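Okay, thanks everyone, I'll keep this short. Let me put the sequence and the structure up, and then we'll walk through what's there.

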Amino acid sequence: MKVGTRYFRTIWLNPDNESVVQLIDQRFLPARFVIEEVRTVEEMAAAIREMHVRGAGLIGASAGFGMYLAAIEAVSRDSFDEHMACAAMQLRETRPTAVNLSWAIERQLRSIEKGKTAKQKVALALRTANLIAEEDAEHCRMIGQHGLKLLQEIAQSKTAEPINVLTHCNAGWLAFVDYGSATAPIYAAHDSGLPIHVWVAETRPRNQGSKLTAWELGEHGVPHTVVADSAAGHLMQRGQVDLVIVGTDRTTYTGDVANKIGTYLKALAAKESHIPFYVALPSTSFDWNMRDGLKEIPIEQRGADEIKHADGWCHGQPVEVRIAPEGSPAANFGFDVTPRRFVTGFITERGVCEANEDAIRALFPEHAP
């Protein structure tokens, strides 16, 4: 993604010091573009937990680089393997819903295990961290190409009007290493010359739609409008949405989708309004061990302050204000689960499929039971 005059990915190694990982600290967007340097696994765990980085693919890539930093540390510890096991546990506990997190950690552990010496293990950890990041970017690029075909089909049925896409939260470039999942088809369509407009749901409580999605669409030059979360049904009811595209932090192999809280309500409104509801995801966001999303997917509950307070910028300075009575309790559910029956289909790096076990496994036969 181009920011100003430079091109960035969301996470990368310091070109002058490969023991330092650099990332975009998303807490400061859209007011400031801040690059954070991470040197230890503890710092990476904090960055994931406190949402300096967020989004399924980027959480996975960050965990991969976190394990690489842990491997560097492990060289000077009494037990290399024991330190890596502790680091894996520390990273796993940061964000329980995102399956890319545990997937990346397990991939690193399997890779590092093949090394015979500490030096070889560090080299394998570095290679694997880079592979995780590169694969994430390529998968999202391909999601864009497959999703573009859907948008082109819709364009054929319209006149000169733009295609209106509604999205929720941020499943964009900032949530992955590059391109994004839900935004990849949008960027591909815009870059190909298709007229497109995006309804950006603000996404309470952290406003990741209005803060992050709107910012990155603006940087790319994509026409968009920020709306309140509760306006989505109104727009669909009046024919102002052609399709909905969202991301996911974990999807079962049967098609149940866990995504940012509020996604389920948009799926219900889309179903009632006969509007296609697509979920864009790389295959790393499928959980090949979970069947029933409602019963099995862990739903992260975050601190009440995210509900009771709002933050922003005033005169160039960060500010936080309380918006609920101080004594009122608050429940902050990070995600909800949309059952497969409300999902039109999945846009993956291998193509588009229906939201059911047979279609998903047909696209990814290597995960057959």
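Now compare Cys 140, which is buried, with a relative accessible area of 0%. Keep in mind as I go that this is a predicted model.

While we're on cysteines, how many disulfides are there? The count comes to 0. Take Cys 140 again: the nearest cysteine sulfur belongs to Cys 169, and that's 15 Å away. A pair has to be within 2.5 Å to count, so Cys 140 is in no disulfide.

Okay, zooming out to the chain. We've got 12 helices and 20 strands. The C-alpha trace spans about 65 × 55 × 45 Å along its principal axes. What about the radius of gyration? For 369 residues, a compact globule would come out near 21 Å, and this chain has 20 Å, so the two agree.

Inside, 56% of the 369 residues count as buried. And if you take contacts between residues at least 6 apart in sequence, 72% of them join residues at least 24 apart.

The chain exposes about 16,000 Å², with carbon and sulfur atoms supplying 51% of that. On charge, I get 38 positive side chains and 46 negative ones, and the centres of those two sets lie 1 Å apart.

That's my tour, happy to go back to any part.

Note on methods
Residues are numbered from 1 along each chain as its sequence is written. This is a predicted model: local features need pLDDT of at least 70, side-chain atom pairs count only at pLDDT 80 or more; totals for chains, interfaces and linings use all residues. Side-chain values use heavy atoms; hydrogens and water are left out. Helices (H or I, at least four residues) and strands (E, at least two) are DSSP runs, numbered from the N terminus. The radius of gyration is taken over C-alpha atoms; the globule rule is 2.2 Å times the number of residues to the power 0.38. Buried means under 20% relative accessible area, exposed over 50%, partly exposed in between (1.4 Å probe, protein chains only). Contact means heavy atoms within 4.5 Å. Accessible areas come from the Shrake-Rupley method with a 1.4 Å probe; for residues, only the protein chains shown count as cover. Lys and Arg count as positive and Asp and Glu as negative; His and the chain ends are not counted. The place of a charge is taken as NZ of Lys, CZ of Arg, CG of Asp or CD of Glu.
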